[in-house]
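Visitor: I would like a close look at a single part of this protein. Please take the salt bridges and go through them one by one.

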Amino acid sequence: MTADTVTDVFEEHRPVLLGVAYRMLGRVADAEDVVQEAWLRWSGADRTEVREPRAYLVRVTTRLAIDRLRQVKARGETYVGPWLPEPYATDFGDTVPDTAERAVLADSVSLAVLVVLESLSPLERAVFVLREAFGYPYADIAAMLERGEPAVRQLAGRARKHVEERRPRYEVDPVQRRDLTERFLAAAGEGDLEGLMSLLAPDVRLVGDSGGKAKAPLRVVETADKVGRFIIGAARKGLPDVSFRFLELNAGPALLVLSGGRPDSVFQLDVLDGRIQSVYVIRNPDKLLSLAAF
């Protein structure tokens with residue numbers, strides 16, 4: 001391969017590699033670091049023996065992500081307050097033409113699912129991502145991870161059961177979620193507690209992620225009354241030079257709140273049966289850096 005071809009092949013597969021790394025790590029910066037390391041491995045590899053560049057690159061990226069995840073877990077880092085994944089701008093565009101495949105990818109990158117994946121072991125998470133999100137056969141996953149196929153099937157079954165038991169139920173209809181997000185924003189802005197309460201499920205949960213670096217609840221807020229009052233109270237305090245922008249984040253509509261043109265927070269809602277089931281609020285400034293360009 002020429003230098004240009006080497007680069008072109010890698011760039012062709014970069015979106016998939018970033019998708020694998022992000023689902024493994026839940027952090028955009030870490031995923032980008034892993035993909036950059038995969039590029040260094042690819043550019044320096046003996047490519048004469050690489051028959052399938054995509055399989056080779058996914059294998060390298062997965063192993064690097066496993067190593068990174070193990071390092072994080074080994075450090076035993078404590079996080080202040082609830083943890084949520086770093087928001088990830090998603091736009092599958094024409095790269096995923098199949099509606100069913102698009103739905104699977106969207107589900108696997110949702111905040112709700114990524115929170116559950118955080119509790120899996122690195123190997124379980126790798127198997128789940130490769131199998132459930134990207135549809136790799138067990139034999140291919142076994143080769144990537146240098147494990148026997150029976151062991152991989154066992155890991156997959158254990159991970160799938162864990163996720164199914166813990167994942168919240170929600171609907172992925174983007175039109176409905178966008179509509180409820182707009183109505184949520186309007187009610188909060190107008191201080192309309194009754195209107196806001198009408199949008200919330202009785203057992204709604206608000207999960208705020210600040211990492212101790214911004215104001216947000218240090219515990220999950222539960223019930224429509226408490227969540228509604230918290231949102232109205234926060235809206236009344238306001239922000240200087242506030243503006244709002246709708247984005248597609250983690251394969252669903254999200255509200256980016258800016259103060260002075262800089263990202264201040266992200267709101268995203270999970271919806272079921274026409275009511276808001278979960279409100280995710282990300283205010284950790286470290287997790288909003290990648291949104292500064294939007």
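Visitor: To begin with, does Asp-179 count as buried, partly exposed or exposed, and at what relative accessibility?

Guide: This is a predicted model. In it, Asp-179 counts as partly exposed, because its relative accessibility is 34% and the class runs between under 20% for buried and over 50% for exposed. Asp-179 makes a salt bridge with Arg-183, and their closest N and O atoms are 3.3 Å apart. Both residues belong to helix H9, where four residues, about one turn of the helix, separate them. An α-helix has 3.6 residues a turn, so residues three or four places apart point the same way. Arg-183 is likewise partly exposed, at 43% relative accessibility.

Arg-153 is partly exposed at a relative accessible area of 45%, and Glu-149 is partly exposed at 30%.

Another salt bridge joins Glu-146 and Arg-63, with 3.2 Å between the closest N and O atoms. Glu-146 sits in the loop between helix H7 (138–145) and helix H8 (149–166), while Arg-63 is in helix H3 (residues 53–75), so this pair ties together parts that lie 83 residues apart in sequence. Glu-146 is exposed, with a relative accessible area of 59%, whereas Arg-63 is partly exposed at 30%.

Salt bridges also link Arg-27, Glu-118 and Arg-125 in a network. The structure holds 20 salt bridges.

Note on methods: Residues numbered from 1 in each chain as written. Predicted model: local features only at pLDDT ≥ 70, side-chain atom pairs only at ≥ 80, totals over all residues. Heavy atoms only, no water. Salt bridge = Lys/Arg side-chain N within 4 Å of Asp/Glu carboxyl O. Helix = DSSP H or I, 4+ residues; strand = E, 2+ residues; numbered from the N terminus. Buried < 20%, exposed > 50% of the residue type's maximum accessible area, 1.4 Å probe, protein only.
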